[in-house]
Amino acid sequence: MSRMFQSSGDLIADRRYEYAQSASADGDHAAAADLLQQTLELAPGWPPAWFALGEARLALKDADGARKAYERCRALDPADEQGAGVALAALGASAEAPSSMSAGYVRNLFDQYAERFDHHLTRHLGYRGPELIVATLTRACAIEGVRPPFQRALDLGCGTGLLGEALGEMAKTLEGVDLSPRMLRMAKKRGCYDRLAEAEMLAFLAASESQHYDLITAADVFVYAGDLAPVLAAAARALKPRGLIAFSIQSTDAADHVLGSERRFSHHPAYVEKSLRESGFSIVRNEPTSTRMENSKPVPGAIFVATKKR
Ligand SMILES: C[S@@+](CC[C@H](N)C(=O)[O-])C[C@H]1O[C@@H](n2cnc3c(N)ncnc32)[C@H](O)[C@@H]1O
């Protein structure tokens, strides 16, 4: 995904940066790195150019050079809007992987992606998260004796609203929360949410009334959080007793959670089960499946549905 453009304050530096972006889009990473060095001579304190230089060096298999550029970026950008912390962790260059991604980074990433999101995900990546979640949720309802529609549903990281659309009549009222204003704008156009909020999901859940919702969903959102305990505990608080949570994960058997080179977290299904139990849920379904493709191969994953214990 290309990065959000922010001016350096120097027109010539901006232009060199734009040329560098075109060069890297054309696969000419050596030219991009060269142009970025020139950009940084004019604007040495500009984080986007340091980040882009890291990306160009990474593409040129210069891991040490990439690390230096990302570190410089992170030092200049304490809120980490560029995502240098995640890039360093994915490179194995920071001692600890972050437990979640910075809100500024996720917002930037999806603001940039919003217009192309539906087409790219459904056509190119064969994304089926929402349909699979709804199918698993339907089976879970039958097992639990729950009869939709849900009175108050909340969709975490609702994005452009694909899950809201898939839920359809299953939710009487549906709220959506997302960090990215541009994704929310697309969700609004879709017209299937009664309320949309621009917020970080944990902060939103913490500020919501306890025992308010009877369904909480999250499709392809927990890939941006490593440690799931905080969000599951906050969701349990916001759910009514016997309320359901339904979400997808990308799965791994390497560790509890792993940050991949594609800068998404994968979770061990046993870790997810343990985190759910410790947050006060009983597991209703844990269905291994793949919600999307990457490099023409299905990405391993799972759909979970759990019920809040009484
Ligand atoms: C891959 S998209 C999935 C969107 C939608 N759920 C779907 O299935 O089409 C992930 C979305 O989660 C949002 N997101 C990621 N982390 C978030 C957080 N901590 N709080 C709120 N939204 C978040 C992103 O902004 C993005 O819109």
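Where is the place of asparagine 295? Asparagine 295 sits in the loop between strand S9 (293-294) and strand S10 (297-298), where helices (H or I, at least four residues) and strands (E, at least two) are DSSP runs numbered from the N terminus. The model is predicted, so local features need pLDDT of at least 70 and side-chain atom pairs count only at pLDDT 80 or more, while totals for chains, interfaces and linings use all residues. Residues are numbered from 1 along each chain as its sequence is written, and side-chain values use heavy atoms, with hydrogens and water left out.

**Backbone geometry in loops**

- Phi of asparagine 295 is near 50 degrees, a positive value in a residue other than glycine.
- Asparagine 295 counts as exposed at 70% relative accessibility (buried is under 20% relative accessible area, exposed over 50%, partly exposed in between; 1.4 Å probe, protein chains only).
- Glutamine 211, also not a glycine, has a positive phi of about 55 degrees; its place is the loop between helix H10 (201-207) and strand S4 (213-218).
- With a relative accessible area of 43%, glutamine 211 is partly exposed.
- Proline 148 and proline 149 are joined by a cis peptide bond with omega of about 15 degrees; proline 149 lies in the loop between helix H7 (129-144) and strand S1 (150-156).

**Helix H12**

- In helix H12 (residues 269-278), the buried residues are Tyr271, Val272, Ser275 and Leu276.
- Seen down the axis of H12, these residues fall within an arc of 135 degrees, so they line one face of the helix; the arc is that of the directions from the helix axis to the C-beta atoms.
- The cover over the buried residues of H12 includes helix H11 (229-238), strand S5 (239-250) and strand S8 (281-289), with contact meaning heavy atoms within 4.5 Å.

**Packing of H1 and H2**

- Helix H1 (residues 11-25) packs with helix H2 (residues 29-42) at an angle of about 165 degrees, and their axes are 8 Å apart. Axes are lines fitted to C-alpha atoms, for helices over the stretch in contact, and angles run from 0 to 180 degrees between N-to-C directions.
- H1 and H2 are therefore roughly antiparallel to each other (under 35 degrees is roughly parallel, over 145 roughly antiparallel, 65 to 115 roughly perpendicular, the rest oblique).
- Residues of H1 in the contact include Ile12, Arg16 and Tyr19, and those of H2 include His29, Leu35 and Thr39.
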